[in-house]
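Hi,

Here is the structure I promised to hand over. Have a look at it first, and then read on for what turned up in it.

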Amino acid sequence: MSDVCYKDARRPIPERVKDLMERMTLNHKIGQLAGIRIEGLPDPEMIRDGIGGVNMIFISEAPAEMAALIKECQKRIMAATPFRIPAIFHCEALNGPLQPGCAAFPSPLALGASFAPELVKDMAERSRSQLLNLGIRHALSPVFDLARDFRFGRTNEHYSSDPTLAAAMGCAFVEGLQGEDLRNGVAATGKHFIGYSCAEGGLHVARVQTDWRDLRENFAKPFEAAIRLSHVRSVMNAYSEYNGLPVCASKELLTDLLRDDLGFQGLVVSDYGSIDMLVNMTKTAKDSTDAGIQAIRAGLDMEFPDPFAFNAGLQEAVTQGRLDESFINRALERVLTLKFELGLFDEPDRDYVAMNNAEHDRQSAVVSEKVITLTKNDGILPVTDKSLKVAVIGPTGNSPLLFNGTYTFSDRYESELMIRLGKRPTMEGVKTTVHEAQDEQDMAKAEAEISAQTDDLIRREHGGVKTVYEALKEIYPDTRYAQGCAINGDDERGFEEAVETARKADVVILTVGGKNGWNDTCTSGEGIDSQNITLPGKQLRLIQRVFSVNKRMIVVHTDNKPLIEPWVYDHVPAIIEGWLPGIYGGNAIALAIAGMMNPGGKLPVDVPRNVGQQSVYYYQHRGCRSDEDKHEGDAYRGCRASQLPFGYGLSYTTFAYSNGRLSAETGQDGVPIIAIHIAVTNTGTLKGDEVVQLYGIDEIASIVRPQKELVGFKRVTLLPGETRNVCFTFRLDQMAFINTRRQWVIEEGVFRFFIGRGANDKVFSVAYFQEHTLVIDHTKRGFFARAESVIGNYALSTM
């Protein structure tokens, strides 16, 4: 062991941090407060004073090559300063590591439809093992934003519109990724703090359009849950503006709310380029140094991706007296603390072990099945006759790439090739027959070839991947495919082939949706927002033309949002919502159509009828929804109810609920602890999954409250005739709110709880009377109910 305190692994982390900080010069301190992006070995000048974090943007299909490069980079970074401080390498990991050769899972919104946090935790654990193997110890995931506005291009990155579901899923991700001991874990990053998805016009990088109560009670809830329950170690700011200030320069949000109120003690990192925007977009800083001063004073600790503002300008500001060095030290302490917590000083790198995705792929296929959501069925599903003639029609029916989205390696790979295509004539790695695009048709051909090249990559890395068409053809030998039209654009030349294919078929599988990603061929993604939330291009017209010749139709929709097309819901017999179901989405959808898998997903969002009905979500305040009882003329004319409610989803079997009851006891801090029991039985003939959902209503309150709130949920699998008894246990302060005195309270009065098949379908209701108002300690309040299930009857006993 070393005689130098900070090098001695036996010493407490705060002592090691303090000792190292006392040894560091100002330039070395500031060097730790920024990251860099590199494609290969770092330029010595970039790391002369050390560096805090690194993102490898090197594109390779070989994880061993990536691991070796990271190891060598770390060696050079540590050798650059006398203190041998390691860097934290980071990447995205929303649905698996954004790295070559790694596991790939469905998108977060799809995972939200599973209502199964255990699947998310398992996915994150698998990501942790692979990231550790590569030498990446910091993941810029998960996303805690709420998916309320489907114009916003990044809704696939969100778990839900609901803060309780988002909190449960987010905590599961953090716990899986960080593990029980961070020395063998990967630091998770909750983002985007805060209100990012509730932006003006549904636009990326825009002003937050909500009030403080909504921000604190709903948008902050997943963050607070991950902080208090799962100890998330990193938070990333949103690009947004709130209350006149960009978030990255807002002490009100990054310190007063995040740290003083929510209790966060970890590292705050900037979203890529957000500090630059103070100078180049919002014009709230006169230069990069001014921007850096504002951000570090507000509570931002590390700048990503490159040192635009956290650089020598800050050193000059300190020496000139424009910035107190205590702000540098505060941020540095947080950076170094995380590095010591990760064990990087004691074990800066590990030996790479060859990765095998076979087991991860099997689990990914299971998860893809769990996210599939049946939203309409007039009896056409399942299609059990394997001799039928099947027509698969539509632009999403024959490409595995389209079932993935932004921040997957397949999208990154395709987007990189698209960028190279745009940089002709140097198109290294681009396999295309078009080398000199003369017109839009040539460019479209080249883009299609790049997408096909990406499909090939997916198949090479993950065995057994099939498109919807390929998977259905294995089940129904007499299956034909016609694309009909592209995802976007006005070209209808493929309509006739599609119509003729449908005319000859016994059943039509119409595959439609969007393309989520980074490049110009996408209809949604980061920075790709939309004025229209219905099907892009000519896809609705394709459905209508095909439906006119064959009404035995099943629509399969995949995108970063649910299907929003009233005509389809009104006319087509069956609809399967696939979300972005991941690389094995085609396999899962085919199994669901054939009845070889029973869909059990539920809507993690409300489905609006059109863009004008947004935002619509079941927990809106009383008097705010377009589908609740109001005075005549207070709702949208001709459009009252949302298309489908949160929590809705059909099955090929049926479920019955019985024996509901409530019991309560008083906790040690005086807050009531409620237990609600319910029995659910599979009354059909097929094995199936049901999501038991518990909602709560504060009947009368001094502040306008939501119509209802999700309290907890439990997904259960039942054989025909089998019964499971589900018990939800929760603190009543989960229903607390901030009163006009700025106190968190549970007010006297009636609280009504109900079990539902969705937010609008009650199957059991029970009341609890709170005898007196309680002022509660909000740092101990509940966020979601603990749910347990057992087979058979439970003993009728109190808690």
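This is a predicted model: local features need pLDDT of at least 70, side-chain atom pairs count only at pLDDT 80 or more; totals for chains, interfaces and linings use all residues.

How do the two lie relative to each other? Helix 7 covers residues 212-219 and helix 8 covers residues 221-228. Their axes come within 5 Å and cross at roughly 40°. An angle under 35 degrees would count as roughly parallel, and roughly perpendicular starts at 65, so helix 7 and helix 8 are oblique to each other. On the helix 7 side, the contact is made by R216, E217, N218 and F219, while helix 8 brings in K221, P222, F223 and E224. Sorted by class, the residues of this contact are three nonpolar, one polar and four charged.

Next, helix 11, which spans 288-298. Is helix 11 largely enclosed or largely open? Eight of its eleven residues are buried, so helix 11 is largely enclosed by the rest of the structure. If you want to find the buried ones, click on T289, D290, A291, G292, I293, A295, I296 and A298. And what covers them? The cover includes helix 9 (251-261), helix 10 (276-280), helix 12 and helix 13 (325-341).

Now to the largest pocket. Its volume is about 1100 Å³, and 33 residues line it. Two elements give two or more residues to the lining, namely helix 15 (409-422) and helix 16 (440-461). Helix 16 gives the most, with nine residues. What classes does the lining have? There are eleven nonpolar, eleven polar and eleven charged residues.

A few loop residues deserve a stop too. T408 sits in the loop between strand 11 (390-393) and helix 15. Its relative accessible area is 8%, so T408 is buried, the cut-off for that being under 20%. Setting aside neighbours within four places in sequence, T408 is in contact with N95 and L98.

The loop between strand 13 (507-513) and helix 19 (539-547) holds D520, and T523 is found in that loop as well. Which of them is buried, and which is exposed? D520 has a relative accessible area of 81%, so D520 is exposed. T523, at 15%, is buried. D520 and I419 are 101 residues apart along the chain, yet 9.5 Å separates their C-alpha atoms. As for T523, once neighbours within four places in sequence are left aside, its contacts are I487, N488, G514, K515, I528 and P536.

V247 is another one to look up, in the loop between strand 8 (245-246) and helix 9. With a relative accessibility of 0%, V247 counts as buried. Leaving out neighbours within four places in sequence, V247 is in contact with F193, I194, N237, A238, S240, L253 and L254. Of these, N237 is ten residues from V247 along the chain, and the C-alpha atoms of the two are separated by 6.4 Å.

P305 is in the loop between helix 11 and helix 12 (312-319). Another runs from L381 to P382, also with omega near -5°, and P382 is in the loop between strand 10 (373-377) and strand 11.

W579 has a positive phi of about 60° and belongs to strand 15 (residues 574-579). R742 has phi near 70° and lies in the loop between strand 21 (737-738) and strand 22 (744-746). Are these two buried or exposed? W579 is buried, with a relative accessible area of 0%, whereas R742 is exposed, at 59%.

Happy browsing!

Note on methods:
Residues are numbered from 1 along each chain as its sequence is written. Side-chain values use heavy atoms; hydrogens and water are left out. On a 1 Å grid over the protein atoms alone, a cavity is a set of points where a 1.4 Å probe fits but cannot get out, and a pocket is an open set with protein on both sides within 12 Å along at least five of seven lines; lining residues have an atom within 4 Å of a point. Grid points are joined across faces, edges and corners, and a volume is the space filled by probe spheres set on the points. Helices (H or I, at least four residues) and strands (E, at least two) are DSSP runs, numbered from the N terminus. Ala, Val, Leu, Ile, Met, Phe, Trp, Tyr, Cys and Pro count as nonpolar, Asp, Glu, Lys and Arg as charged, and the others, Gly among them, as polar. Axes are lines fitted to C-alpha atoms, for helices over the stretch in contact, and angles run from 0 to 180 degrees between N-to-C directions. Angles under 35 degrees count as roughly parallel, over 145 as roughly antiparallel, 65 to 115 as roughly perpendicular and the rest as oblique. Contact means heavy atoms within 4.5 Å. Buried means under 20% relative accessible area, exposed over 50%, partly exposed in between (1.4 Å probe, protein chains only).
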